[in-house]
Amino acid sequence: MGIDRREFIRISGLAALLGLGGKGAFELLRPGQVEAALKPEAGALSGKRWAMVVNMQKMDEATAQKCINACNRVHNVPDFKNPNDPKNKLDPEIANRYEVKWIWTEHYHNAFVEDQTNLPDKVKQMAFLLLCNHCDNPPCVRVCPTKATFRRDDGIVNMDMHRCIGCRFCMAGCPFGARSFNWRDPRPYIKDTYPGYPTREIGVVEKCTFCAERLAQGLAPACAEASGGTLIFGDLNDEKSQVRRMLQKYFSIRRKVHLGTNPQVYYIV
Amino acid sequence: MDDKYKNEFGAFAPRPQVEKKFYDGKYILAGLIIFLAMVALPFLPNVGKTIPPPERQLDTPVIKKIAEKDRKCIMPTEWMRANHMQMLVDWRDNVVRSDEKGAPEVREFVSPDGRKFLASLTNTCLDCHSNKEKFCDQCHNYVAVVPNCFGCHLQEGKKLAEAK
């Protein structure tokens with residue numbers, strides 16, 4: 001005797017129910033994972049829209065250099081002009097071309113290309129401290145074919161060097177020149193390797209990451225820490241944050257706003 | 001003979017009579033023997049030999065300092081031997097890319113017995129296993145894998161605590 005229609009529908013209905021509820025049932029019976037779990041580090045800084053305010057009224061050459069040195073040290077940024085071993089010495093022109101920049105200074109006329117006639121002459125003679133602007137609408141992320149560079153939910157435009165194929169589309173896309181390519185192995189040009197951050201390899205692009213690795217440990221970015229209050233880092237989304245208060249109080253400018261990338265590094269002039 | 005060259009429509013022309021001869025036989029055979037010898041050459045020195053698997057080297061200063069009974073890796077040895085590469089990839093994704101998915105950045109690893117570790121190759125793994133040539137490279141060479149971790153991740157130098 002075979003199975004009748006009523007019986008068939010009943011069995012297939014039950015089977016479908018079991019199939020749908022199966023995984024949920026397992027999780028009810030055996031909650032939690034047996035495997036070891038990864039957790040965020042306690043005390044990590046979190047924000048919704050990280051931003052940097054550069055107070056150009058307080059900025060001077062020595063402070064700028066202090067910020068640059070602090071950044072270069074903790075990120076193992078190579079200095080191609082001063083090799084550790086004299087036999088790795090590069091032609092000055094090549095060393096200049098190979099330069100890796102995370103944070104650097106540039107004269108007003110090179111940093112702010114559009115004509116801002118309203119600004120006083122004093123401002124137009126300043127050397128500005130420049131870094132990645134961590135744009136809200138980052139062109140580098142849009143052009144990256146491997147998603148090696150990506151925008152995090154807290155606004156940081158980060159790099160995953162593991163995935164970078166060195167195509168340099170992002171360097172062409174970035175209107176701020178904030179990205180550098182590793183034309184050669186940087187290790188012989190790093191004075192004092194810092195164990196808290198990897199070096200890079202030949203063939204990847206790198207840039208400022210707003211010290212994402214330091215934020216995870218609850219530390220402010222290296223440049224902000226070294227600047228003694230000249231660089232202010234904070235959450236723009238937080239009304240009580242110092243960056244918000246500074247921007248409320250003083251007039252600030254940003255680089256190349258007309259391009260629509262919405263840069264998040266503000267300069268108080 | 002001709003019968004075989006028939007189909008249902010009739011017979012074909014007779015099969016052409018070609019003289020069967022192996023032209024230039026000695027050159028071809030000599031060439032073949034030389035070719036086979038060259039292909040076999042790399043294998044000949046090892047024929048009949050067993051290459052012993054490398055010994056684990058655990059005599060680093062940090063490991064020696066730990067009492068004998070407390071000497072255990074973050075996961076059981078057998079598991080680590082089979083899965084350390086996948087674990088490092090997971091650490092990497094969690095540290096670098098987790099924020100992309102809206103989850104907080106994850107840098108702490110909790111082992112099944114509740115111990116906590118910083119998810120870092122340079123500062124956690126290589127802290128104990130500071131003998132990279134003996135511990136990592138030896139085995140990677142034996143199984144002929146070339147991981148490129150150490151192109152960027154530092155393997156030596158001072159510790160993070162000293163650098164701060």
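Is A:Asn76 buried or exposed, and how many other C-beta atoms lie within 10 Å? A:Asn76 is buried, with 23 other C-beta atoms within that distance; a residue counts as buried at 20 or more such atoms within 10 Å of its own C-beta, as exposed at 12 or fewer, and as partly exposed in between, with C-beta atoms placed from the backbone. This is a predicted model, in which local features need pLDDT of at least 70 and side-chain atom pairs count only at pLDDT 80 or more, while totals for chains, interfaces and linings use all residues. Residues are numbered from 1 along each chain as its sequence is written, and chains are lettered from A and ligands numbered from 1 in the order in which they are written.

**Chain A overall**

- Chain A contains 9 helices and 11 strands; helices (H or I, at least four residues) and strands (E, at least two) are DSSP runs numbered from the N terminus.
- The radius of gyration of chain A is 25 Å, whereas a compact globule of 269 residues would have one near 18 Å. This radius is taken over C-alpha atoms, and the globule rule is 2.2 Å times the number of residues to the power 0.38.
- The C-alpha trace of chain A spans about 100 × 50 × 35 Å along its principal axes.
- Of the 269 residues in chain A, 36% count as buried.
- Among contacts in chain A with a separation of 6 or more, 68% are between residues 24 or more positions apart. Two residues are in contact if their C-beta atoms, placed from the backbone, lie within 7 Å.

- Four strands of chain A form an open sheet in the order 9-2-11-10, with mixed pairing; two strands pair if DSSP finds at least two bridges between them.
- Strand 9 and strand 10 (252-253) of chain A stand at the edges, each with a single partner strand, so one side of each has no neighbour in the sheet.
- Strand 2 (residues 50-55) of chain A has 5 of its 6 residues buried, so the rest of the structure largely encloses it.
- Strand 2 and strand 9 (residues 231-235) of chain A run antiparallel and are joined by 5 bridges. In strand 9, A:Gly234 is the bridge partner of A:Ala51.
- Strand 2 and strand 11 (residues 265-268) of chain A run parallel and are joined by 4 bridges. In strand 11, A:Tyr267 stands opposite A:Val54, and A:Ile268 stands opposite A:Asn55.
- Helix 9 (residues 242-249) of chain A lies across strands 2, 9, 10 and 11 of that chain, running at about 115 degrees to strand 9. Axes are lines fitted to C-alpha atoms, for helices over the stretch in contact, and angles run from 0 to 180 degrees between N-to-C directions.

**Nonpolar cores**

- In soluble globular proteins, nonpolar side chains tend to be buried together.
- A nonpolar core is a set of buried Ala, Val, Leu, Ile, Met, Phe, Trp, Tyr and Cys residues joined through C-beta atoms within 7 Å.
- The largest core has 56 residues, and those with the most contacts inside it are A:Val54, A:Cys67, A:Cys71 and A:Ile103.
- Leaving aside neighbours within four places in sequence, A:Cys71 contacts A:Val77, A:Trp102, A:Ile103, A:Ala222 and A:Cys223.

**Loop residues with positive phi in chain A**

- A:Asn76 lies in the loop between helix 2 (61-74) and helix 3 (92-97) of chain A. Its phi is near 50 degrees, a positive value in a residue other than glycine.
- A:Lys147 is in the loop between helix 5 (139-143) and strand 5 (149-151) of chain A. A:Lys147 is not a glycine, yet has a positive phi of about 60 degrees.
- A:Lys147 counts as exposed, with 11 C-beta neighbours inside 10 Å.

**Chain B**

- Chain B has 6 helices and 4 strands, in the order β-β-α-α-α-β-β-α-α-α from the N terminus on.
- Of the 164 residues of chain B, 10% count as buried.
- Residues 24 or more positions apart make up 47% of the chain B contacts with a separation of 6 or more.
- Helix 1 (residues 25-40) of chain B has 16 residues and reaches 22 Å from its first C-alpha to its last, close to the 22 Å expected at 1.5 Å a residue. The expected span is 1.5 Å times one less than the number of residues.
- Helix 1 of chain B is hardly covered, with 0 buried residues among its 16.
- B:Gln138 is in helix 5 (residues 132-142) of chain B and is partly exposed, with 16 other C-beta atoms within 10 Å.
- B:Gln138 and B:Gln57 are 9.5 Å apart in space, C-alpha to C-alpha, and 81 residues apart in sequence.
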